[in-house]
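Below is a colleague's note for someone meeting this structure for the first time. Please keep the sequence and the model in view while reading the points.

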Amino acid sequence: MIIAQLSDMHITAPGTLYQGLIPSADMGRAAVDAINAVSPAVDVVVCTGDLTEHGRPEEYAQAREILGALNAPCFVLPGNHDEREAFRAAFLRDGYLPESGPLHYARVIDGLHVVHVDCTVPGEHHGALPDEGLDWLDKTLTAEPDRPTMVLMHFHPVHTGIADVDSYRNFSGVEIGEIIARHPQVLRVLFGHIHRHMTVAFGGTIAMSSPSTVSQILLRLNPTDKSASRMEPPAFLLHHLHADGTMVSHTQPIGDFGPVLDFY
Ligand SMILES: [Fe+2]
Ligand SMILES: [Fe+2]
């Protein structure tokens with residue numbers, strides 16, 4: 001089974017650019033084309049938040065049109081740049097989002113338990129999961145103790161070492177990690193938000209972030225550095241669940257990198 005993870009697409013309204021500079025819709029289409037080109041075919045696509053830049057209905061309409069070109073079913077989760085009710089209004093028709101409250105949901109897809117946790121705090125750039133959300137996560141994982149599982153969220157639940165970015169992490173990371181540690185069936189905790197790839201041990205399992213399909217945040221590790229971004233290669237993650245239960249995660253840059261150089 002192959003799961004593609006898109007993150008931080010920051011889709012804007014037609015005729016506009018992300019941050020006034022970046023054609024996020026075109027870059028989103030390139031990401032979709034790259035996922036559709038994977039062989040063997042991707043089974044499911046997950047999007048770990050910041051689907052749009054401002055959370056406006058016209059942006060969600062554009063995002064739906066872009067994601068609608070995927071060959072595989074797609075499941076979306078909001079980030080801090082999304083707006084919960086506009087997000088719900090845009091995707092409720094697909095039948096997997098709750099009709100009220102936080103946009104948590106879980107599904108079993110081809111034997112894989114895929115758990116989406118909405119850690120957005122309306123009006124804020126950091127994430128958090130209140131007690132009800134922590135209970136939901138624990139109960140959801142308790143209900144499927146024997147299935148391979150991935151837990152998806154938008155915000156990094158650990159410090160990255162990029163100081164400015166860490167000021168808007170998931171403030172409930174410690175509590176989430178304690179829950180994850182009680183459920184050894186969790187193969188991955190997956191997130192976005194930091195616009196670059198990172199891998200870290202978390203809650204007794206492996207946590208990692210997907211790069212953005214638009215710009216990437218600079219790797220600045222001095223404590224006094226300010227965060228900034230630039231057009232490093234966009235990418236997505238490809239999580240390959242093997243028949244023996246091993247999950248291998250790949251980072252795939254998106255773009256034209258010239259001719260293939262065959263080994264023989
Ligand atoms: Fe983002
Ligand atoms: Fe974000």
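**Notes on the predicted model**

1. The four donor atoms around the iron ion (ligand 1) subtend angles of 87 to 176 degrees, and the arrangement therefore counts as irregular. Donors here are N, O and S atoms within 2.8 Å of the metal (3.2 Å for Na, K and Ca), and water is not among the atoms, so sites may look incomplete.

2. Residues are numbered from 1 along each chain as its sequence is written, chains are lettered from A and ligands numbered from 1 in the order in which they are written, and side-chain values use heavy atoms, with hydrogens and water left out.

3. The protein donors of the iron ion (ligand 1) are D8 (OD), H10 (NE2), D50 (OD) and H195 (NE2), at 2.1 to 2.3 Å from the ion, and their spacing along the chain is D-x1-H-x39-D-x144-H. D50 also bridges to the iron ion (ligand 2), the two ions lying 3.5 Å apart. Both D8 and H10 are buried, meaning under 20% relative accessible area, whereas exposed means over 50% and partly exposed lies in between (1.4 Å probe, protein chains only).

4. Helix α3 (residues 84-91) has six of its eight residues buried, so the helix is largely enclosed by the rest of the structure. The buried residues are R84, A86, F87, R88, A90 and F91, and what covers them includes α2 (57-67) and β3 (74-77). Helices (H or I, at least four residues) and strands (E, at least two) are DSSP runs, numbered from the N terminus.

5. Q185 is found in the loop between α6 (173-181) and β7 (186-191), and this residue is buried, with a relative accessible area of 9%. The side chain of Q185 reaches the backbone oxygen of E144 at 3.3 Å. Leaving out residues up to four places away in sequence, Q185 touches L141, E144, P145, R147, P148 and T149, where contact means heavy atoms within 4.5 Å.

Conventions
Predicted model: local features only at pLDDT ≥ 70, side-chain atom pairs only at ≥ 80, totals over all residues. Tetrahedral: all angles 85-135°; square planar, octahedral: opposite > 155°, others 65-115°. Polar contact = N/O pair within 3.5 Å; in protein donor to acceptor, adjacent residues only side chain to side chain.
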